[in-house]
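Please read this note with the model open beside you. Take the points in order.

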Amino acid sequence: MTGQRSDARRNYQRILAVAEAEVAAHGADASQEQIARTAGVGSATVRRHFPTRRALLEAVFQERIEVLCERADRLSAAEDSRTALLEWLHALVLYAVSARGFADVLSYEPPTENPSPNSCGSRIEAAGTPLLQRAIRDKAVAPHVTFHDLLTLAVGIALATEHHQAPDTQADRLFRLAVEGLSPEQGTAGVPGNSDPLAPVTEGPPNERV
């Protein structure tokens with residue numbers, strides 16, 4: 001039995017390593033059959049470890065999810081709640097742009113009444129929601145903004161720019177435009193690496209947040 005478990009662990013790690021390379025090359029459409037061939041196992045073995053394409057993709061992006069969750073936890077102690085939220089959301093956008101298939105994983109998960117607590121979307125939501133709630137309490141973000149709004153924004157930007165000649169640059173520009181929409185009187189203040197390339201379009205009352 002011990003030998004069988006060791007074989008299963010080795011198969012899992014080999015399949016996952018091949019899947020990471022295939023997803024990096026082909027995104028969410030990576031072929032499970034090709035993954036099986038490259039890993040030197042049968043398709044049934046791949047499906048035993050990863051019964052669905054979504055399960056496979058979630059395993060591939062496990063480390064990225066962990067990094068985002070840890071970053072959200074660190075930012076929860078930041079003094080400025082708006083800056084903390086924007087820094088984390090900006091990181092989420094850039095992760096989704098740089099890792100093919102990552103945005104697809106998140107887009108698989110619209111809000112449901114009974115989400116899986118271990119899914120990528122649920123873990124991202126659990127990590128980011130406290131940052132949003134704190135910013136709302138501080139009146140730095142409009143109270144009607146939901147975490148799903150922010151996730152949809154990040155996924156939408158990533159999917160819209162993935163075939164752009166310079167996806168990171170275009171995604172960053174769209175993110176800054178979206179931030180202006182959330183709080184136009186502040187422009188892009190609080191966005192990491194901001195050199196204010198986009199001047200605010202409108203000005204609101206001095207103490208009003210949108």
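The numbered points below go from the whole fold to single residues.

1. **Ground rules.** This is a predicted model, in which local features need pLDDT of at least 70 and side-chain atom pairs count only at pLDDT 80 or more, while totals for chains, interfaces and linings use all residues. Residues are numbered from 1 along each chain as its sequence is written, and side-chain values use heavy atoms, leaving out hydrogens and water.

2. **Overall make-up.** The protein has 10 helices and zero strands. Along the sequence the pattern reads α-α-α-α-α-α-α-α-α-α. Helices (H or I, at least four residues) and strands (E, at least two) are DSSP runs, numbered from the N terminus.

3. Of the 210 residues, 42% count as buried. Buried means under 20% relative accessible area, exposed means over 50%, and partly exposed lies in between (1.4 Å probe, protein chains only). Contact means heavy atoms within 4.5 Å. Take the contacts between residues at least 6 apart in sequence: 61% of them join residues at least 24 apart.

4. **Helices α5 and α6.** Helix α5 covers residues 62–75 and helix α6 covers residues 81–98. They pack at about 170 degrees, with axes 9 Å apart. Axes are lines fitted to C-alpha atoms, for helices over the stretch in contact, and angles run from 0 to 180 degrees between N-to-C directions. The angle makes α5 roughly antiparallel to α6. The cut-offs are under 35 degrees for roughly parallel, over 145 for roughly antiparallel, 65 to 115 for roughly perpendicular, and oblique for the rest. On the α5 side, the contact is made by Arg64, Val67, Leu68, Arg71, Ala72 and Leu75. On the α6 side, the residues include Trp88, Leu92 and Tyr95. By class, this α5 and α6 contact has nine nonpolar, one polar and three charged residues. Ala, Val, Leu, Ile, Met, Phe, Trp, Tyr, Cys and Pro count as nonpolar; Asp, Glu, Lys and Arg as charged; the others, Gly among them, as polar.

5. **Helices α6 and α9.** Helix α9 spans residues 147–161. It packs with α6 at about 35 degrees, with the axes 8 Å apart. The crossing of α6 past α9 is right-handed. Among the contact residues are Leu85, Trp88 and Leu89 of α6, and Phe147, Leu150 and Ile157 of α9. The classes for α6 with α9 are 14 nonpolar, one polar and no charged.

6. **An aromatic pair.** The whole structure holds three aromatic pairs. Rings of Phe, Tyr and Trp (its six-membered ring) pair if their centres lie within 6.5 Å; planes under 30 degrees apart are stacked, over 60 edge-to-face, and the rest tilted. Phe61 and Phe102 have ring centres 5.2 Å apart and planes at 65 degrees, so this pair is edge-to-face. Phe61 sits in the loop between α4 (53–60) and α5, and Phe102 in helix α7 (residues 102–107), so the pair ties together parts 41 residues apart in sequence. Phe61 is buried at 4% relative accessibility. Phe102 is buried at 0%.

7. **Val41.** Where does Val41 lie? Its place is the loop between α2 (32–39) and α3 (43–49). At 15% relative accessibility, Val41 counts as buried. Leaving aside residues up to four places away in sequence, Val41 touches Asn11, Arg14, Ile15, Ala36 and Val46.

8. **Asp168.** Helix α10 (residues 167–182) contains Asp168. Asp168 is partly exposed, at 44% relative accessibility.

How values were computed
A crossing is left-handed if the near helix is turned anticlockwise from the far one by less than a right angle, and right-handed if clockwise.
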